[in-house]
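Hello,

Here is the structure I promised to pass on. My notes follow below it.

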Amino acid sequence: GGNIVIIYGFNFTDLINVKFAGRLANVTQINSTTLEVEVPAGAITGVVDVTITTAFATAVAYGAYTYS
């Protein structure tokens, strides 16, 4: 945890949250297509899913991040 990752996509204008394995991340919205995200710390190891939720939809990137 604590790493900074950049997430690219679209329609991030109505962002609600980003989660790593169900844990909320700190997010800085750069623009409508780019997010800077601080990965939440925790007692998790291994590959986890990343979920991005906006007012319009929820997207899941399965196995998108690896805690080590």
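Leaving out residues up to four places away in sequence, Val 39 touches Gly 1, Gly 2, Asn 3, Val 5, Phe 20, Tyr 65 and Tyr 67; contact means heavy atoms within 4.5 Å. This is a predicted model, where local features need pLDDT of at least 70, side-chain atom pairs count only at pLDDT 80 or more, and totals for chains, interfaces and linings use all residues. Residues are numbered from 1 along each chain as its sequence is written, and side-chain values use heavy atoms, without hydrogens or water.

Val 39 sits in the loop between S5 and S6. Strands are DSSP runs of E, at least two residues, numbered from the N terminus. Val 39 has a relative accessible area of 1%, so Val 39 is buried (under 20% relative accessible area, 1.4 Å probe, protein chains only). Its C-alpha lies 7.2 Å from that of Asn 26, 13 residues away in sequence.

Now the largest nonpolar core. It has 14 residues. A nonpolar core is a set of buried Ala, Val, Leu, Ile, Met, Phe, Trp, Tyr and Cys residues joined through side-chain atoms within 4.5 Å. Ile 7, Val 18, Phe 20, Val 37, Tyr 65 and Tyr 67 have the most contacts inside it. Strands S2 (15–20), S5 (34–38), S6 (46–54) and S7 (58–67) each give two or more residues. S6 gives the most, with three.

Thr 34 is in strand S5. Thr 34 counts as buried because its relative accessibility is 10%. Beyond four places in sequence, Thr 34 touches residues including Ile 7 and Phe 12.

Best wishes

Terms used. Buried means under 20% relative accessible area, exposed over 50%, partly exposed in between (1.4 Å probe, protein chains only). Helices (H or I, at least four residues) and strands (E, at least two) are DSSP runs, numbered from the N terminus.
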